[in-house]
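Morning, everyone. I have one structure to go through today, and I will keep it brief. Please have a look at it on the screen first.

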Amino acid sequence: MKQIKRYILISIVLYSFKNQALSQIVAKLDTITETSTEPYNQVCFIETYRVRKFSKNGTFKSTGFFIATNEILTAGHNLYSNRLTKVTNIKIIPGRYKENSAFDIIELKGELTCQNSIFVHPSFKWNKVNNDFGIIIIP
């Protein structure tokens, strides 16, 4: 199971960082402070606020990668839950380093806006690793 997750993560990283050698990226992970340049400006921090029917509402934190100007690839479980929840707010922080961001924060507000902006693979199952990816389309 861990090997599958690692394979998916490596595939996403390789896709997102296109022309960068993986070894160079891994060697720099602890020292990246300039996030306004490629490929680091393609990485974003995501805060998803969910309203839950039977438990506490809350904000869930994750990461994603810009794959187009207005499209972000992330894990499906960051966007979908089978626990009767509704996503009502998504905050996207491109190029975040600690509490600073190299770019403006993008915020999708409202249940309808969020519902129309998030897409999870149709075969995604909450308790499975297969097809655990989703797309956020920024309107």
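**The sheet and the salt bridge**

Let me start with the sheet. Seven strands make up an open sheet, and reading across it the order is β7-β4-β1-β2-β3-β9-β8. The pairing is antiparallel. Keep in mind that this is a predicted model.

At the edges sit β7, residues 106-109, and β8, residues 118-120. Each of these two pairs on one side only.

Strand β1, which covers residues 43-52, runs antiparallel to β4, and the two share nine bridges.

Next, the charged side chains. How many salt bridges does the count come to? One. Glu-111 forms a salt bridge with Lys-86, and the closest N and O atoms are 3.8 Å apart. The cut-off is 4 Å, so the pair counts.

Where are the two partners? Lys-86 belongs to strand β4, residues 85-94, while Glu-111 belongs to helix α3, residues 111-117. They are 25 residues apart, and the pair links distant parts of the chain.

Glu-111 has a relative accessible area of 36%, so Glu-111 is partly exposed. Lys-86 comes out at 47% relative accessibility, and Lys-86 is therefore also classed as partly exposed.

That is what I have; questions are welcome.

Notes:
Residues numbered from 1 in each chain as written. Predicted model: local features only at pLDDT ≥ 70, side-chain atom pairs only at ≥ 80, totals over all residues. Heavy atoms only, no water. Helix = DSSP H or I, 4+ residues; strand = E, 2+ residues; numbered from the N terminus. Buried < 20%, exposed > 50% of the residue type's maximum accessible area, 1.4 Å probe, protein only. Pairing = 2+ DSSP bridges.
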